[in-house]
Amino acid sequence: QVQLMESGGGSVEAGGSLRLSCTASGYVYGYYYMAWFRQAPGKEREAVAAISIRPSAGNTQYAGTVTGRFIISLHYDENTLDLQMRSLKPEDTAVYFCAARTNIGTWCGWSDSRTYDSWGQGTQVTVSS
């Protein structure tokens, strides 16, 4: 079973930056796509960004609320998925989760949490105003 572990969360002031990393126990080139989700208190889990791996690698998608501020990237040699977050806002405060689709699946499902079969435990990001 694939294990995912997030790191890099913390507390920053509005306008600051953070980089989250997710380390996978397996070889990510064998997955279909990976993503970052977040869940704020009292809210549903929402997709933040995703990146495709198979059959076509490198396609990215972003939630409208983070476009232009967040960048998702995949490092095959280290089996890590990163999320570079800039110009952070208080509304970005949430627990951020790494997710992977390791079984065959279509890219069109990238924003649906039910699409993913592997999840990390989450890392807290807190942005103060």
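Tutor: The model is predicted, and the questions below take up a few of its residues and features.

Student: Why is Asn79 called buried?

Tutor: Buried means under 20% relative accessible area. Asn79 has 13% relative accessibility, so Asn79 counts as buried. Its place is the loop between E7 and E8.

Student: What is the phi of Asn79, and what is that of Ser87?

Tutor: Asn79 has a positive phi of about 55°, and Ser87 has a positive phi near 50°. Most residues other than glycine have a negative phi.

Student: Which peptide bond is cis, and where is Pro55?

Tutor: The bond from Arg54 to Pro55 is cis, with omega near -10°. Pro55 lies in the loop between E5 and strand E6 (60–62). Most peptide bonds are trans.

Student: Which residues have the most contacts inside the largest nonpolar core?

Tutor: They are Met34, Trp36, Leu81, Leu83, Met85 and Tyr96, in a core of 31 residues. A second, separate core has nine residues, including Tyr33 and Phe37.

Student: What does Met85 touch?

Tutor: Leaving out residues up to four places away in sequence, Met85 touches Gly16, Ser17, Leu18, Leu20, Arg69, Phe70, Tyr96 and Val125.

Methods
Residues are numbered from 1 along each chain as its sequence is written. This is a predicted model: local features need pLDDT of at least 70, side-chain atom pairs count only at pLDDT 80 or more; totals for chains, interfaces and linings use all residues. Side-chain values use heavy atoms; hydrogens and water are left out. A nonpolar core is a set of buried Ala, Val, Leu, Ile, Met, Phe, Trp, Tyr and Cys residues joined through side-chain atoms within 4.5 Å. Buried means under 20% relative accessible area, exposed over 50%, partly exposed in between (1.4 Å probe, protein chains only). Contact means heavy atoms within 4.5 Å. Helices (H or I, at least four residues) and strands (E, at least two) are DSSP runs, numbered from the N terminus.
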